[in-house]
Amino acid sequence: MKEKNGYKPGKLKSLGVNDRLTSHSAIEGLERFMHEWSQAEIFYSCADPKIAEKLVKITLCHTYLFGRYTLPSYAGHMFMSLRDLPPTDDLVGRVLKANAAVFEGELFTNNIFGRQRECHSHYLDMLEAYQEAGADKTIVDSFAQRERQVGMDQAMEESSLWNDKMTDYANHLREVTKDPLTTHLIILASEDTIAEGYKTTLQNLNANPKFVKYKTFMRRHILLDQENDGHGKATVDWINFYLETFKPSTEELNRAIQNTQEFIRKRVETYAIT
């Protein structure tokens, strides 16, 4: 088992986030929350086959919420902010182009398993990995059908796919992503931290072949999020542009940081082993 890493300050600065955010008095608290997320106990305990199966199910729910709410909110806030700017210049255009690749890579592509002529959310790739791991797809199909009939809230309440902690996390996520700056910070924190958690999981995950597609899913996301000019850099470029251009107040920054910390706290709770 890989040993846990200790907290080291300066994570966001090392990613290239500018001083308007990294010099904020509450930023160390946010970085500590990010570190706690990346070090969740379940990532270290998934050699146990039952815990591995539970982690696959958790990842399916997280991926559903990311594709259903988080990324569309991020895209919506980004493009709505253009209404407050002159027509796009070269600087804004480069940032938008990089983030358009994020939207494509997450929401309408198939760059996980490399099949041709497929164009869908990564959630469907994760659903494929979930099935490969031996999980019951009828639970997912039933939830999807009920969601269309009665809405998200009641469908989650009725489905065994969503426990109380995951439902609480989903409700909080849907609420806080109404705020643009909070959404941008959540995306910024997620792109790097999720990849770090995947790295630890890959080092510890049960060796049963039924988890091969889940491993492929994680490896591809690490590549997309952290390598070269990947999704992580695109989200850093956007937050830097947003901070410099719109100059959010101290109160707005405080609220967004607090919301993001609470988002992380609730997400970490969904990883509970027992």
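What follows is a short chat about the structure shown above.

Biologist: What kind of model is this, and how are residues numbered?

Modeller: This is a predicted model, in which local features need pLDDT of at least 70 and side-chain atom pairs count only at pLDDT 80 or more, while totals for chains, interfaces and linings use all residues. Residues are numbered from 1 along each chain as its sequence is written, and side-chain values use heavy atoms, with hydrogens and water left out.

Biologist: How many helices and strands are there?

Modeller: The protein chain has 14 helices and zero strands, where helices (H or I, at least four residues) and strands (E, at least two) are DSSP runs numbered from the N terminus.

Biologist: And how big a box does that fill?

Modeller: The C-alpha atoms fill a box of roughly 50 × 45 × 35 Å, taken along the principal axes.

Biologist: What share of the residues is buried?

Modeller: Buried residues, meaning those under 20% relative accessible area with a 1.4 Å probe and protein chains only, make up 51% of the 274 residues.

Biologist: Which residues touch the most others in the largest nonpolar core?

Modeller: Leu21, Leu65 and Trp162 do, in a core of 81 residues; such a core is a set of buried Ala, Val, Leu, Ile, Met, Phe, Trp, Tyr and Cys residues joined through side-chain atoms within 4.5 Å.

Biologist: Which helix gives the largest share of this core?

Modeller: Helix α5 (residues 49–81) does, with 15 residues.

Biologist: What does Trp162 touch, leaving out residues up to four places away in sequence?

Modeller: Its contacts (heavy atoms within 4.5 Å) include Cys61, Tyr64, Leu65, Phe143 and Met152.

Definitions and conventions: Buried means under 20% relative accessible area, exposed over 50%, partly exposed in between (1.4 Å probe, protein chains only).
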